[in-house]
Amino acid sequence: MPMTLAEKLISAHAGREVRAGELTVVKVDFAYVQDWTGPLTIDKIAELGGAMVHDPLKTAIFIDHASPSSFKEVSTGHIKLRQFAKASGCMMFDIGEGVSHLVLGERVTRPGMLMVGADSHTCQGGALGAFCTGMGSTDVAVAMSTGQTWMMCPEAVKVEVTGRLGHGVFAKDIILHLIGTIGADGATYQSLEFMGDTIDGLTIPGRVTLASMAVEAGAKCGICATDDHTRSWLREHKRESDYSEITHDVGAKYARVVSIDAEKLVPTVSFPHKVDNTRPITHLDCKDVPIHQAYLGSSTNGYFEDFEAAARVLKGRHIAPGTRLVVTPGTKTVYRKMMETGLFDIFLDAGGVINSPGCGACPGSHTGILGDGENCVSSMNRNFLGRMGNPKSFVYLASPATVAASAVEGRLADPRRY
Amino acid sequence: MGRAWKFGDDISTDLIAAGRYAYLRTNLPELAKHVLEDARDEFRTGVKPGDFVVGGRNFGLGSSREHAPIIIKMAGVSCVAAKTFARIFFRNCINNGIPAVTVDTDRIDEGDELVLDLRGGLLKDVTKGIELEFPPMPKVMSDILEAGGLVPYLKKNKGFVL
């Protein structure tokens, strides 16, 4: 019987055939926390009273949300995380290593895996053909301590994207358009399964952008099949042997099919304060929206390719007066490559500032908090009220190229002109 | 019995536990003083033990931060009712022993006196004299809720009983 990717991957970890809607206990291949959610996980592991970690090599702690810390309270929480890592022997990624999901994408996540993380954007691991989902601190505490969790096998939504993306249009525009179409709860409890020749043409960073924002439609996971792009990504990160074939079954049962014609897509922007509040850049509402801060980075657009797309727009140009540009590479590897390939020079010459790798300003605690009444155009994934640290500010979501074009013009701008 | 505090659609975990207070992540009693601050500032000072948080669609969307349901509970809230919930928040509520029920909240008004009958699957609006039914949860979830959360559940059962 044909299966969806979610059914296949969950069945493989349940030791039996599991279909959409069924509850099952699954074996967890990897569990991780970050510094927002991790201290609570450690408390819960202590309360459980069992093993600190089921398997230290399948467990990781990341300090990425406050990296480095700007508050004494957070720094003290970091001590607790480091002590736990030392005592349990689990993997520890300290300040400057980068955003958890992106680091795992480089080093750990492999096709066929089942991962849970105490961070909602854990779902982006699906870009590599894995079942990855975000959970709370307690659920991840149980997964870390026992190597298991329970879940319902989600129904799947087939997202079929076909045709060639035009100049200046990217994976970010596909996912913003999708969420604008189905809504911020349009796939609640479901698995978004991406396919079609447009998806086949995307490299891993583009697929990461799609899978990362699955949660912004309410989905449990977002998954892509594996192919030569997956293989070359793994090769680039010196672990080609992690490759395995994960394919969509013809005849799998989907709850719904959403078709997107990539050729008709234009750069898309999410207006405050909802991710599904989208407009094509050509919409009248996008005219004369002044931009005070342009932000490049986040788990959703934090790989080299994302910064490269922005750098292509910014090369030889300068940002507008009254606009500032904050650049936060997703990982140390990305940071180094940007430095070595001259991207830093492009951003610095354009008037930007480059921060240390990590979540940066996206969770609203540091390195780019907005002032009262300010607008930010950002390559991140959420624009909820108060998201960038100030409930009196406004966040517009867009692709890195749109962010760069907007920085140059000082207002929301169409990257297709560049 | 408790009073209804009404909230709209799409109440995110950023509205419940704002990122600018992330430095209080390891000091829950202090973080709880800012619960739902950006959604309705008067809630955090006016909420009484037993009160109900009554939302619209997609309550709790966004981050996985479990601090959000925990500080709602610490504020004394006895139940969160909404038309629909975001997935992670819903599970986090249950894991912390907080009843989260899915009902047609349009029929409830601000300040209505509410009573939860968890076993009977009913949310009673005493002010209006109506009973709102909610669908039963999977057994594992109602067991976790009844145990007071996931940690006490696992201590009792030594594993998941589906």
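This is a predicted model: local features need pLDDT of at least 70, side-chain atom pairs count only at pLDDT 80 or more; totals for chains, interfaces and linings use all residues.

Tutor: Happy to! Setting aside residues up to four places away in sequence, A310(A) touches L296(A), P400(A), A401(A), V403(A) and A404(A). A310(A) belongs to the largest nonpolar core, a set of 195 residues, and is named with Y396(A) and V80(B) as having the most contacts inside that core. Domain 1 (5-261) and domain 2 (269-417) of chain A both contribute residues to the core, so the core lies between them. As background, nonpolar side chains in soluble globular proteins tend to be buried together.

That brings us to the two domains themselves. Chain A splits into domain 1 (5-261) and domain 2 (269-417), and their centres, taken over C-alpha atoms, are separated by 24 Å. Where they meet, 35 residues of domain 1 of chain A are in contact with 33 residues of domain 2 of chain A. On the domain 1 side, α4 (100-107), α6 (171-182) and α8 (204-212) of chain A each supply at least two residues. The largest share comes from α6(A), with 6 residues. Sorted by class, that side of domain 1 has 13 nonpolar, 16 polar and 6 charged residues.

Still in chain A, look at G368(A), in the loop between β16 (352-354) and β17 (375-378). G368(A) has 22 C-beta neighbours inside 10 Å and therefore counts as buried. Leaving aside neighbours within four places in sequence, its contacts are Q293(A), Y295(A), V326(A), G360(A), A361(A) and M388(A). V327(A) is 41 residues from G368(A) in sequence, and their C-alpha atoms are 9.7 Å apart in space.

Now for a strand, β5(A). 5 of the 5 residues of β5(A) are buried, so this strand is largely enclosed by the rest of the structure. Both of its faces are covered, with L114(A), V116(A) and A118(A) buried on one side and M115(A) and G117(A) buried on the other. β5(A) pairs in the parallel sense with strand β2 (residues 30-34) of chain A over 4 bridges, and it runs parallel to β6(A), joined by 4 bridges.

Of the 10 residues of α1 (residues 5-14), 7 are buried, so the helix is largely enclosed by the rest of the structure. The buried residues are L5(A), A6(A), E7(A), K8(A), L9(A), I10(A) and H13(A). Just after α1(A), G15(A) takes a positive phi of about 75°.

Finally, let us step out to the other chain, which V80(B) in the core already brought in. The contact between the chains takes 37 residues from chain B and 42 residues from chain A. On the chain B side, the elements giving two or more residues are α1 (13-16), α5 (87-95) and α7 (150-157) of chain B. α5(B) gives the most, with 5 residues. The chain B side divides into 15 nonpolar, 12 polar and 10 charged residues.

Notes: Residues are numbered from 1 along each chain as its sequence is written. Chains are lettered from A and ligands numbered from 1 in the order in which they are written. Two residues are in contact if their C-beta atoms, placed from the backbone, lie within 7 Å. Ala, Val, Leu, Ile, Met, Phe, Trp, Tyr, Cys and Pro count as nonpolar, Asp, Glu, Lys and Arg as charged, and the others, Gly among them, as polar. Domain bounds come from an automatic or database domain assignment. A nonpolar core is a set of buried Ala, Val, Leu, Ile, Met, Phe, Trp, Tyr and Cys residues joined through C-beta atoms within 7 Å. A residue is buried if 20 or more other C-beta atoms lie within 10 Å of its own, exposed if 12 or fewer, and partly exposed in between; C-beta atoms are placed from the backbone. Two strands pair if DSSP finds at least two bridges between them.
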